[in-house]
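Hi there,

Here is the structure I promised to pass on. Have a look at it first, and my notes follow below.

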Amino acid sequence: MKYEAVIGLEIHAQLLTSSKAFCGCSTKFGAEANTQVCPVCLGMPGTLPVLNKKAVEFAVKMALATHCKINNKSIFARKNYFYPDLPKGYQISQYNEPLTQKGYIDIEVAGEKKRIGITRIHMEEDAGKLLHGETLEDEGFSFVDLNRAGVPLIEIVSEPDIRTAEEAVEYLKALRDILVYLEICDGNMEEGSFRCDANVSIRPKGQKEFGTKAELKNINSFRFVQKAIEYEIKRQIEVAEDGGKIVQETRLFDSDKGITVSMRSKEEAHDYRYFPEPDLLPLMVDEAWIEEIKGTLPELPAKKRERFVREYGIPSYDAGVLTATRELANYYEESVKLFNQPKVVSNWVMGELLRLLKEDGKDISKPSAFSLQPSAFARLLKMVDAGAVNLKTAKEVFEEVYKTGKEPDAIVKEKGLVQVSDEGAIIKAIDEVIAANPKEFADYKAGKEKLFSFFIGQIMKATKGQANPQVLNKLLKERLGKA
Ligand SMILES: [Zn+2]
């Protein structure tokens, strides 16, 4: 029997507001434990929450970017449960009447477009963090840091439209790209500001009813999302084929072993006893404000990708890489403006620039990350185009400008890297190399054509890599004659 998987994702995205969802405490990441807290986010009796307008604006932005319907009236609710990182004993969330619902985004997997529905996007607050003692003297103790308690989140719930682990990863990446483009979330899975739970079930192909689902938690990278879902699908199919019964449960992904393990079954599941939050009025969002927010939306990744392919004539793969962040896309566009060969610029950005950034563990979204300005970059490409430096030299100069911010012309001059295109000088080098390698010359003449590259290599060495390759190729062919 053939099975298919049914997957839905629940994503939590921390909003980049400077203060928390219901109080004025800072949300800055990495501060000393429990220094960003106040009576409201500590859940002291008698305090009252006040909703952060910026958080609502950010949630509305995400809704607009994902074609969701925005409800003019929505309700905050209390989600009750006990855990030491939750000082109030409940989380303020939205339940029956969320801020937004019924949207979608389009993804592409192996060249196929697919639409994934979004059930709802609702607002809520984050909990604190437990730190389990890891040093010798802390062993056996647990600590609580409430700096994160009350940080605003949106939860994005997908329809069960996803069928494979690849689709899940693409959907997740697309959502993250949108959040980052909107500058409302930093999308950092490792630091937990972008988190994903996956509901996975299987059913015989062709069957309409859903199977029993398992909820996968604790997946903190795109690679792990793929692995966890693949493992879970395989596990469920094996259970079904062995005649077993799949039980509804929450499973944790163990990234070391690459497996999911049962955490709790349905019987132990929480009953959150949701009820409307009595300390907050219904959230009213009017059309005028929605329109105003709409006017601030940037060009979104999918639109930008399409435009790059259309406007610059580059492959969609290139467009995908170049639009990964707004900053990278801007960098590319500024460079093309100054050196109008889009595919050449794309090759350099994807090849050299991204390689160097990766080596240094730097992030192009921080303009201070490197010194190579589009103007210097374009000047270097013009020098290559004019034959003033060869490709190998240009790559060295590129790296130098990237590191030091010096002018490419100055580096070329300083290091004596100007490309030799003068035929006389190249012919002299060819003759010297032939004279020094009589045996290879004879072998070549006798038909060993492979030795052509040997000569190229030797001459390049003799000219310190500065011979213009095209000129050298032409002259060497003339000099060696047909083998
Ligand atoms: Zn606070």
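**Notes on the cores, a serine and a helix pair**

Setting aside neighbours within four places in sequence, methionine 62 is in contact with Ile121, Ile154, Ile156, Leu175, Ile178, Leu179, Leu182 and Ile184. Please keep in mind that this is a predicted model. Met62 belongs to the largest nonpolar core, which has 68 residues, and is listed with Leu9, Tyr171 and Ile229 as touching the most other members. There is also a second, separate core of 35 residues, with Tyr181, Phe339, Ala378 and Val412 among its members. As a general point, nonpolar side chains in soluble globular proteins tend to be buried together.

Serine 74 lies in strand 3 (residues 73-74). Its relative accessibility is 0%, so serine 74 counts as buried, the cut-off being under 20%. Again leaving out neighbours within four places in sequence, serine 74 is in contact with Gln94, Glu97, Pro98, Leu99, Pro282 and Leu283.

Finally, a helix pair. Helix 8 (residues 342-359) packs with helix 10 (residues 391-404) at an angle of about 45 degrees, and their axes are 11 Å apart. The two helices are therefore oblique to each other, and helix 8 passes helix 10 in a right-handed crossing. Helix 8 contributes Trp348, Glu352, Leu353, Arg355, Leu356 and Leu357 to the contact, while helix 10 contributes Leu391, Ala394, Lys395, Phe398, Glu399 and Tyr402. By class, this contact has eight nonpolar, no polar and four charged residues.

Best wishes

Notes
Residues numbered from 1 in each chain as written. Predicted model: local features only at pLDDT ≥ 70, side-chain atom pairs only at ≥ 80, totals over all residues. Heavy atoms only, no water. Axes fitted to C-alpha atoms, helices over the stretch in contact; angles between N-to-C directions. Helix = DSSP H or I, 4+ residues; strand = E, 2+ residues; numbered from the N terminus. Parallel < 35°, antiparallel > 145°, perpendicular 65-115°, else oblique. Left-handed = near helix turned anticlockwise from the far one by under 90°. Contact = heavy atoms within 4.5 Å. Nonpolar A, V, L, I, M, F, W, Y, C, P; charged D, E, K, R; others polar. Core = buried A, V, L, I, M, F, W, Y, C linked by side-chain atoms within 4.5 Å. Buried < 20%, exposed > 50% of the residue type's maximum accessible area, 1.4 Å probe, protein only.
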